[in-house]
Amino acid sequence: MAGPRAKELHHVPLSVLLMLAGMWLFICMAALQYPEDLGNDPHLVEMGAGIIVFLTGLVRLSRPRGRETDLLVTVVGVGLILSGFFGDWGAEVIRWNQVASGCVLALLGLLGLMLAERSRDSGQPGEPGEPGEQDGSTGRTRSARRTARHTS
């Protein structure tokens with residue numbers, strides 16, 4: 001598939017998976033039937049992570065993605081893993097949900113970083129501001145525009 005939007009299509013499945021993971025973190029308390037005597041503390045951690053991950057997936061769909069979004073998802077995933085191990089929630093279902101969800105998020109973040117690196121190494125334009133990415137208004141690459149600006 002060729003065309004200006006073809007380079008962005010490999011970001012769509014990853015973005016949708018991030019949005020699904022964010023929704024899971026929002027509903028997991030009800031789906032897994034967390035013990036009610038624990039209060040909402042563990043779920044607040046998951047809701048915060050879910051909001052961040054869902055919005056990150058949404059942003060990845062609406063604008064060109066940068067490394068920052070992949071790093072953010074990876075950090076949130078690692079934070080959930082640590083919360084599962086070091087948060088004294090009192091229920092194993094909470095611990096394993098946070099560890100499993102954190103592992104999935106960390107892997108999705110690392111996958112996004114690998115895809116960006118791979119597209120950059122193969123010479124395909126990927127990230128905004130990378131050499132070779134074309135500007136739709138002039139048809140010149142961003143690096144060519146920068147060079148023209150600095151030489152004039």
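This is a predicted model: local features need pLDDT of at least 70, side-chain atom pairs count only at pLDDT 80 or more; totals for chains, interfaces and linings use all residues.
Student: Why is serine 15 called buried?

Tutor: Buried means under 20% relative accessible area. Serine 15 has a relative accessible area of 0%, so serine 15 is buried. Its place is in helix H1, residues 11-31.

Student: Which residues does serine 15 touch?

Tutor: Not counting residues up to four places away in sequence, serine 15 touches Gly57, Arg60 and Leu61.

Student: What makes cysteine 103 partly exposed?

Tutor: Partly exposed lies between the two cut-offs, under 20% for buried and over 50% for exposed. Cysteine 103 is at 35% relative accessibility, and therefore counts as partly exposed. Cysteine 28, by contrast, is at 0%, so it counts as buried.

Student: How many disulfides does a search of the whole structure find?

Tutor: That search finds 0 disulfides. To count, a pair of cysteine sulfur atoms must be within 2.5 Å.

Student: How do you know what span is expected for helix H3?

Tutor: The expected span is 1.5 Å times one less than the number of residues. H3, residues 67-86, has 20 residues and reaches 28 Å from its first C-alpha to its last, close to the 28 Å expected. Its buried residues include Val73, Val76 and Leu80.

Student: What makes up the largest nonpolar core?

Tutor: It has 11 residues in all, among them Leu14, Leu18, Val73, Val76, Leu80 and Leu105. H1, H2, H3 and H4 each supply at least two residues of this core, and H1 gives the most, with 4. A second, separate core of 5 residues includes Cys28 and Trp89.

Definitions and conventions
Residues are numbered from 1 along each chain as its sequence is written. Side-chain values use heavy atoms; hydrogens and water are left out. Buried means under 20% relative accessible area, exposed over 50%, partly exposed in between (1.4 Å probe, protein chains only). Contact means heavy atoms within 4.5 Å. A nonpolar core is a set of buried Ala, Val, Leu, Ile, Met, Phe, Trp, Tyr and Cys residues joined through side-chain atoms within 4.5 Å.
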